[in-house]
Amino acid sequence: MPFEFNHLRIQPKALRLFFVGAAVLTAISFSAIAQSQPVACDTALTAQDPLSAYLDRANACLEPVGIMLERNTAQAIADADFVIAQDASFAAAYAVRSRANLFANRIGQGLADLSVALFLEPTNVEWLRWRSELMLFLNDFDGALADISRAVALAPADDALLLERSRIHERNADLASALTDAEQALALNPESAAALLRIGDIHYTAGRDQAALDAYRQYLEVATERSPLVNARILILERRLADN
């Protein structure tokens, strides 16, 4: 699952190709804390070890430790630098270094490294998804939409990607496209609470009260964790429709 910023819910992504997906906002928000104390990630390595072992250690250094979510970004960057020095075409090393730079609040460097990783592996859906989130954070809607659309084209059966593109369309005030993507996501996964929530939110924003209420009620039927905001909106919608 993708990260969902709507309704303050964040879902973790799986580790893919040495790249642990991380919410851009979370990385930046905790960067100062993460640098406060280097975290030990002391796997002993030698020049004879495979380069993948250095990336494994770099990823271990970026795992949050303790209640302060400390990370050893310096060691992760050093390990990625070592890999890149040995093999400048090792795309995953740039992705790891990008993540470390973002945790260290070096946004420009993080974006540059992620772009190099995607230049080397342009069909990596996870990295496209993550750069789209970063571009959205930087209010580059065109860049965010271009990356997520490339990801959708590469993985058209991934309903989560469609929901992410739906959110970008909504942020860009294109409610028609946002609704199209959300409905397509629901068609792919008819039991998707996230898709029903998206559809309800879009109709609510557009002022289509009955459609919003219908979607929210369907959401409540399948959701395992209910949004207090949805409950509040249902009360508002029911009152509005009753008054009319």
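**A predicted helical protein and its packing**

L161 has its place in helix α9, which spans residues 159-171. Helices here are DSSP runs of H or I with at least four residues, strands are runs of E with at least two, and both are numbered from the N terminus. The model is a predicted one, in which local features need pLDDT of at least 70 and side-chain atom pairs count only at pLDDT 80 or more, while totals for chains, interfaces and linings use all residues. Residues are numbered from 1 along each chain as its sequence is written, and side-chain values use heavy atoms, with hydrogens and water left out.

Is L161 buried or exposed? L161 is buried, with a relative accessible area of 0%. In this text, buried means under 20% relative accessible area, exposed means over 50%, and partly exposed lies in between (1.4 Å probe, protein chains only). Leaving aside residues up to four places away in sequence, L161 touches V125, R129, I148, A151, V152 and A155; a contact of this kind means heavy atoms within 4.5 Å. A182 is 21 residues from L161 along the chain, and the C-alpha atoms of the two are separated by 9.9 Å.

The protein has 13 helices and two strands. Of its 244 residues, 48% count as buried. Among the contacts with a separation of 6 or more, 55% are accounted for by residues 24 or more positions apart. The protein exposes about 11,500 Å², and carbon and sulfur atoms supply 55% of that area. Such areas come from the Shrake-Rupley method with a 1.4 Å probe, and for residues only the protein chains shown count as cover.

The next topic is how helices pack. Two packed helices are described by the angle between their axes and the distance between the axes. Axes are lines fitted to C-alpha atoms, for helices over the stretch in contact, and angles run from 0 to 180 degrees between N-to-C directions. Helix α4 (residues 73-86) and helix α5 (residues 91-103) pack at an angle of about 155°, with axes 9 Å apart. The two helices, α4 and α5, are therefore roughly antiparallel to each other. The naming goes by angle: under 35 degrees counts as roughly parallel, over 145 as roughly antiparallel, 65 to 115 as roughly perpendicular, and the rest as oblique. The crossing in which α4 passes α5 is left-handed; a crossing has this name if the near helix is turned anticlockwise from the far one by less than a right angle, and is right-handed if clockwise. On the α4 side, T73, A76, I77, A80, D81, V83 and I84 meet A93, Y94, R97, A100, N101 and F103 of α5. By class, the residues of this contact of α4 with α5 are nine nonpolar, two polar and two charged. Here Ala, Val, Leu, Ile, Met, Phe, Trp, Tyr, Cys and Pro count as nonpolar, Asp, Glu, Lys and Arg as charged, and the others, Gly among them, as polar.

Helix α5 also packs with helix α3 (residues 51-61): their axes come within 10 Å and cross at roughly 20°. That makes α3 roughly parallel to α5. The crossing of α3 and α5 is left-handed. From α3, L55, A58 and N59 make the contact, and from α5, A92, A93, V96 and R99. The contact of α3 with α5 has five nonpolar, one polar and one charged residues.

How do α12 and α13 lie to each other, and at what angle? Helix α12 (residues 209-222) and helix α13 (residues 228-243) pack at about 140°, with axes 10 Å apart, and α12 and α13 are therefore oblique to each other. The crossing in which α12 passes α13 is left-handed. Among the residues that meet are Y216 and L220 in α12, and I234 and L237 in α13. The contact of α12 with α13 divides into nine nonpolar, two polar and five charged residues.

Finally, some details of the backbone and surface. Most residues other than glycine have a negative phi. Which value does phi take in N105? Phi of N105 is near 70°, a positive value in a residue other than glycine. N105 lies in the loop between α5 and α6 (107-120) and is partly exposed, with a relative accessible area of 41%. A173, in the loop between α9 and α10 (175-188), has a positive phi near 65°. A173 is exposed, with a relative accessible area of 68%. G108 has its place in helix α6 and counts as exposed at 53% relative accessibility.
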